[in-house]
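Dear colleague,

Please find the structure below, handed over for your records. A short account of the findings comes after it.

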Amino acid sequence: MSARGAETGVQPSHAPDLAGAGRSGAARQAARPVTAIVGVLALAVFMSSLDLFIVNLAFPYIGREYHGTGLASLSWVLNAYTIVFAAVLVPAGRWADRIGRRRIFVTGLIGFTAGSALCGLSPGVPELIAARVIQAAGAGLMVPASLSLLLASVPLPGRAKAIGTWSAFGALGAALGPVIGGGLVQLSWRWVFWINIPVGVLAVVLATRVVPESRDEHTRGKPDLAGAALLAAAVGLVAFALVKAPEWGWGSARFVAVLAASLACGGVMIWRSRRHRSPVIELGLLRSRTFSGTFAASILYYAAFGAFVLNSVEFLTGAWHYSAIRAGLAIGPGPLMVLPFAQVVAPRLAGRLGGPGRVAVIGCLVNAGAMALWLAQIQAQPAYLTHLLPAQLLGGAGVGLAIPSLLGAGSLSLSPDRFGTGSGILNMARQVGTVLGVAALVAILARVSPDPITTFRHAIVLVIAFFAAAGLVAAILLTGRARPRPVPAAGAAAAPVGESR
């Protein structure tokens, strides 16, 4: 790779012709491909995260259209997406490393866009659920490929800012889901899905023109498809158990049986991964203190985040009796804090404090503090500006600090040939955590109480506990002084992070 390609992190064939240009002009032009790549990848993760939460406000409208459909059936409009998304992430990351990250990314974009169109055209609930499965499979392909493309395309000096942008757009998509959904459902709940079509088509066109292909050149042998199927089954079963736990009971025989089946699938997958030449998961990743710490902290953090978003919608529409669009607008100011803190504040703090792990701890504590402030202020009488808005603004700042810092800490232990696999595992933590948090929240909100404010207080305590636990795990495992070293691929000496392949 030429010096020019090394500066941009893109192969020379994708760099503009700089012959005869001045050094400053060359630097500006060389930065454009990386900026465009980050923009396309951030757009894709925004779209997938938006869809994960936008259905929260569309759900009642879907139920009204399909009369006679029980709540148990309607719940799978939400659950099917989350479970399939979580199950596909890690195998997709592994395939992206080997087959080609851009190829998997574009395939996922096409699947997600097609699934969105089918969701909007669905004549009934069974068809809608099936379309959501297609949509989730597409999202599961494109998200880990998106992050691995970013890591492969952006050189190390600019990677913290790029990760901040990527993760900020993911957090914005999740937090703005209720905001955008509240407006779209006024037209029709189908627009919640149709809005993805023009965005998805644009992202496919830009990705094929702007994003360079990259793959893992070290891995040999055919991917372990049986191991991938076992991993998908293990993740899908545990997500299914968490979703059904409020209905079955956390100690019921069915809940325990499904968890046992998940553990059995996971155990066989680990056994295969130790022996297969091209395993679906490189077990060396999980032996890294930094990577495993990021994985655990991410599960806890996203459990809090998922419960927080849904609890906010339920409180505003249930306790304060806001309309869907008013509730969405009331949630909006918090997400506005995410981007500046993720792009500017978090990278600068990481440089001053000695790494993103310490910034992740601060972000978790800021989020816990924001929820504690809301717990002290919550009341039945609406008082948005004085009681809820301050907590939302503080919470948005915490999200902007925590999410990119967790991803940044996890990526430090990834060698270039592990970008796809590692990205899939970290994104799987996000989905499993979201399912865990939402399931626990639903179990609390389902309890009948004469005082709904007391119930919502219990829910806020749950969110605080998850945020605090994530901060504790990050403080223990992600704040060491030693710089994490990438774990080389089995049987190959991988290049250090940031070097071209």
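This is a predicted model: local features need pLDDT of at least 70, side-chain atom pairs count only at pLDDT 80 or more; totals for chains, interfaces and linings use all residues.

Residues are numbered from 1 along each chain as its sequence is written, and side-chain values use heavy atoms, with hydrogens and water left out.

The protein has 19 helices and zero strands (DSSP runs of H or I, at least four residues, and of E, at least two, numbered from the N terminus). Of its 501 residues, 57% are buried (under 20% relative accessible area, 1.4 Å probe, protein chains only).

L150 sits in helix α5, residues 125-153, and is buried, with a relative accessible area of 0%. Leaving aside neighbours within four places in sequence, L150 is in contact (heavy atoms within 4.5 Å) with V38, L41, A162, I163 and W166. The C-alpha atoms of L150 and I163 are 7.7 Å apart.

The structure holds six cavities of 30 Å³ or more (sets of points on a 1 Å grid over the protein atoms alone where a 1.4 Å probe fits but cannot get out; lining residues have an atom within 4 Å of a point). Helix α12 gives the largest share of its lining, four residues; the lining includes F308, W374 and Q392.

Yours sincerely

Technical notes:
Buried means under 20% relative accessible area, exposed over 50%, partly exposed in between (1.4 Å probe, protein chains only). On a 1 Å grid over the protein atoms alone, a cavity is a set of points where a 1.4 Å probe fits but cannot get out, and a pocket is an open set with protein on both sides within 12 Å along at least five of seven lines; lining residues have an atom within 4 Å of a point. Grid points are joined across faces, edges and corners, and a volume is the space filled by probe spheres set on the points.
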